Structure formats: structure tokens, C-alpha cells
Amino acid sequence: MKEAKRIIWGLILGVILGIILAILPDKSIYEGLNKYALQPIGTIFLNLIKMLVVPIVFFSISLGVMGLGNPKELGRVGGKAITYFMTTTAVAIVIALGLSLLIKPGTFGSFATDNLKYDQGNLPDTSLINTIVGMFPTNPIASMAEGNMLQLIVFSVFIGFGITFLGSKASTLRSFIEQGNDLMTYLIGLVMKMAPLGAFALIASAVGAQGFASLKAMFFYMMVVILSLIIHSLLTYGSTVSLLGKMNPFFFFKKFAPVMLFAFSTSSSNATLPVAMQTAQRELKVPRSVSSFVQPLGATINMDGTAIMQGVATVFIAQVYDINLSLAQLATVVLTAVLASVGTAGVPGVGLVMLTMVLQSVNLPVEGIALIIGVDRLLDMMRTAVNITGDAACAVIIAKSEEGNLNEKEEEDERYA
């Protein structure tokens, strides 16, 4: 709780400094402070967290698979997780589309669209076959170096199964995985001592960079995105945690709030993953075998917050260009966003990559993305907080549904220990 309060104070002071820097007429003050203080501190903090992501994913998923014990249990847990993630992503984008059509953020003010430019680059092949094939690494070390999470997850699953089936022959490797996981947990706690300072620097840099004029011009777009994120978090996650996870949603959000604040400051699901898993296991009492598999998977493919941004941005751009979207086109947006959430997993700048594909699917000008780039950094922080909350909600729900099986597995482990 003390750590959470320190992070909150870091965020509050960072926002205050960011607003001051944003409204100052002399931008050189922000540029100097950002270059020599805010950016270096924020980057060092993020690098320290990201340094631990690959090893924590490897150790935790291997350990989680060892805890589940066999492919049947893993398939059941994985199937439930993917179903939940894809369902909530569809719900998220429907909420976003509905609010956007109701509030019409693109009709407030006038936007110059004649000279807009946006370089979409080479879009990845997001077909189902290509995504499945791409999950299997040819070189797991290269996958670790590149931070390809889907490939890392697959490799870790194989390692976990191998150690489980070898039994006593792999007892040394089992101890290595367990001790590696303990080491990463300790290092996370060490790095988290820098969290308030890192949160302060990151939020001050992000808010200060936007400028008051751009924030004012995009006010209604931002408000619709934020409102959609709040509604989705409270209604979708709150109701599923209550009905399916049998957990009081107020208790869930209270215990997980510090992680949401941390995600807000880092704007990275992967960077938040170690802290999110630790909190789910300690505070929400999610078994390690479930948390260690479901949350890393969610950090890779769960894109509810990003889906909300896509829904609002699509309608916003259509309204700016005075283009009416048909019911069929809106349905296409939902379908494309849900499928792309899996297909673009691990792609850098995944939010804008997915938005490019969504806009192309309904023949909207991709150049419209240039309108929202200015405020996307701030909204990305909020999207990340929603994404990791969805991962934790899924872990809670699956833990409840697997309660009997997990208890039996624990009894077996104790008998044969």
C-alpha cells in the first residue's frame, strides 16, 4: 500500500509538472528538462523493467506448465483464456463504436485534412495460418533477443512439459526454474523501489510533449476514448469477475489498482507483466500455475484497450472526413479488430498497425491517423492499464473455474514430493 501511494504521488507531481511545461510559451524549457532529466530517468526505469520481462516470462510460463502437469489441462486453460480475451475485445470495440456514434467527437471543431500524411510502412501478414506458423521459433535464443513473446511462450511451454515428463531425471532443471523465478521476483521488488521516480518522469514527459493546443483540439476524441475505457473496465471486467470469478469486483479493483497505476506510467503491458503477476498471485490469490500462463499470454494477445482506441478513432476519422459508415462496415471493424488483436501480437507500435488495417478494411483514409498521433501517447497509457486489468480478470476467472482440478493437482504434488 505504501508503494502504491508513492506511485500515486509520483504520477500527480508528474502531471502537474507536465501541464506547467505544456502551457509555457517557451518550449526550450521543456525540451531541455526532458532531454537531460525526464527522458533519461524514464528510459532507465523502463529498461530495468524490460530487462526482466523475457526471463520472467520464460521462468513463469515454464513453472506454470510444470504446475498444470499435462497438455490436456494446458489446452483447457489456454482455450478458456483465448475465448475470454477475444470475447472481451469484441465487447470493447462495440462499446467504443456505440459511444462514438452517440457523442460524435469528429463533428466538434474543424480539422485540416488536405495535407495530412501518414507512413503506414509494410503491414504484417495477419492471416490465421501465418500467425500459427509464426508462433513456432526456429531459434528460441533469437526469439528472446527480439522479444517475440508468442514464440517465447511456445518455447517455454515445451520446456515446462519436458521437465514435467522427465520427472526425477530433470530435478536439477526443475530447481533451476523455481530458483530463477524466485530471483526474478526479488529483482522486480528491487527495481520497483524506483517506480515513483520513474512514474514521475514518464508522465511529466508525456503530458509536457503534447502542448495545450493539441489537447484542446482533440478534447472530445480523448473523452470518448477515456469514457469507453472506464465503462469497459467497470462493467465488462467487473461483471465477469463477479459472475464467473465469484470475486467482489470492489475487492478486485482495490487490490489491483497499484498495478493499473504502474501500467499507466509505463505504457507497456510487457513492462507491467512482472508486477501484475506478482499482485495477482499475492493479493488476488490466483494460483501460480494459472497466473504464470494466462497473464503472459494476455500481455501478448489481449488488446481490449487498443480495440477501444480503434473503434473511436475509426468513427472519429470517418466523421472528420464526413463519411457515413454502414452497419456492415461497423461489423467489419469489429471483426477486423478482434482478429488483428491476435495476428499483430508482438508487432512494434501494435496499436497504430491494427488501426491502419481497420481503416483499410472499411476504405477510410489512412492519413487520418495523423490527426490522433499527437495525443496517442497519453491514451496509450490508459489503454495499457485496461489491458493488464483484463489479463488479471481472466486469471481470476480461470482460477475459479479450475479450482477442483488445481486442488487435485496440489494434493498429487504433495503425495509424490
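Guide: Begin with burial: a residue is buried under 20% relative accessible area, exposed over 50%, and partly exposed in between, using a 1.4 Å probe and protein chains only. Phe 219, with a relative accessible area of 40%, is therefore partly exposed. This is a predicted model, in which local features need pLDDT of at least 70 and side-chain atom pairs count only at pLDDT 80 or more, while totals for chains, interfaces and linings use all residues. Residues are numbered from 1 along each chain as its sequence is written, and side-chain values use heavy atoms, with hydrogens and water left out.

Visitor: How many helices and strands does the protein chain have?

Guide: Helices (H or I, at least four residues) and strands (E, at least two) are DSSP runs, numbered from the N terminus. The protein chain has 18 helices and zero strands. Of its 417 residues, 52% count as buried.

Visitor: What share of the contacts joins residues at least 24 apart?

Guide: A contact means heavy atoms within 4.5 Å. Among contacts between residues at least 6 apart in sequence, 84% join residues at least 24 apart. Asn 387, in helix H17 (residues 369-401), gives a local case. Leaving aside neighbours within four places in sequence, Asn 387 is in contact with Ser 269, Asn 302, Met 303, Asp 304, Gly 305 and Thr 306.

Visitor: Is Asn 387 buried or exposed?

Guide: Asn 387 is buried, because its relative accessible area is 4%.

Visitor: Which residues make the nonpolar surface patch?

Guide: Patches are made of residues with over 30% relative accessible area and no salt bridge; like charges are joined within 9 Å and nonpolar side chains (Val, Leu, Ile, Met, Phe, Trp, Tyr) within 5 Å. A salt bridge is a side-chain nitrogen of Lys or Arg within 4 Å of a carboxyl oxygen of Asp or Glu. Areas come from the Shrake-Rupley method with a 1.4 Å probe; for residues, only the protein chains shown count as cover. Here Leu 102, Ile 103, Phe 108, Phe 219, Phe 220, Met 223 and Leu 227 make a nonpolar patch of about 600 Å². The whole protein chain exposes about 18,800 Å², with carbon and sulfur atoms supplying 65% of it.

Visitor: Which helix gives the most to the nonpolar patch?

Guide: H10 does, with four residues. Helix H3 (71-103) and helix H10 (219-243) each supply at least two. Phe 108 lies in the loop between H3 and helix H4 (128-134), and is partly exposed at 35%.

Visitor: How are the rings of Phe 219 and Phe 220 arranged?

Guide: Rings of Phe, Tyr and Trp (its six-membered ring) pair if their centres lie within 6.5 Å; planes under 30 degrees apart count as stacked, over 60 as edge-to-face and the rest as tilted. The structure holds ten aromatic pairs. The rings of Phe 219 and Phe 220 have centres 5.3 Å apart and planes at 85°, so this pair is edge-to-face. Elsewhere, ring pairs link Phe 58, Phe 59, Phe 155 and Phe 176 into a cluster.

Visitor: What follows H3?

Guide: H3 is followed by Lys 104, whose phi is positive, near 55°, although Lys 104 is not a glycine. Lys 104 is partly exposed, at 40% relative accessibility. Asp 322 also has a positive phi, near 55°, and is found in the loop between helix H14 (304-320) and helix H15 (327-343). Asp 322 counts as exposed, because its relative accessibility is 67%.
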